[in-house]
Amino acid sequence: MKNNERVFAMSFASVYPLYIQKAEKKERTKVEVDEIIFWLTGYDEVALQRILDQKTDFRNFFGEAPQLNPNASLIKGVICGYRVEEIEDPLMQQIRYLDKLIDELAKGKAMEKILRKN
């Protein structure tokens, strides 16, 4: 986890197309990727576009998020070799939550399950 600072400084705009690409490779859509982002962070379309235009880094992407979803703590499992529920750095955990949700989308999980709805 030594590369945290490097990850935190990455612009969200540089990773966003990769999330979409990963989803579309598996017959999922940009709309679904955006829905996941909105669910997790509380951002809306206008705010997301501003983040992309301003090349906001991950630190500020999550730091300025309107509201991290209270059900984010229900996100469990392994991403990039780490159990998301055991990641100690709160910012890295939030980044990995997003990675995990996009991963679940690409694996064909239903949106209700991805968005942790009962």
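Salt bridges and burial in a predicted model

Guide: Nine salt bridges turn up in a search of the whole structure. This is a predicted model, where local features need pLDDT of at least 70, side-chain atom pairs count only at pLDDT 80 or more, and totals for chains, interfaces and linings use all residues. Residues are numbered from 1 along each chain as its sequence is written, and side-chain values use heavy atoms, with hydrogens and water left out.

Visitor: Why is the pair Arg59 and Glu5 called a salt bridge?

Guide: A salt bridge needs a side-chain nitrogen of Lys or Arg within 4 Å of a carboxyl oxygen of Asp or Glu. Arg59 and Glu5 meet at 3.0 Å, N to O, so the pair qualifies. Arg59 sits in helix α5 (residues 58–63) and Glu5 in helix α1 (residues 4–9), 54 residues apart. Helices here are DSSP runs of H or I, at least four residues, numbered from the N terminus.

Visitor: How do you know whether Glu104 is buried or exposed?

Guide: Buried means under 20% relative accessible area, exposed over 50%, partly exposed in between (1.4 Å probe, protein chains only). Glu104 has 6%, so Glu104 is buried.

Visitor: Which salt-bridge partner does Glu104 have at 2.8 Å?

Guide: That is Arg116. Glu104 lies in helix α6 (residues 90–106) and Arg116 in the segment after α7 (111–114), so the pair ties together parts 12 residues apart in sequence. Arg116, at 12%, is buried.

Visitor: What makes Lys109 partly exposed?

Guide: Its relative accessibility is 33%, so Lys109 falls in the middle class. Lys109 also meets Glu104 in a salt bridge, at 3.7 Å, N to O.

Conventions
Helix = DSSP H or I, 4+ residues; strand = E, 2+ residues; numbered from the N terminus.
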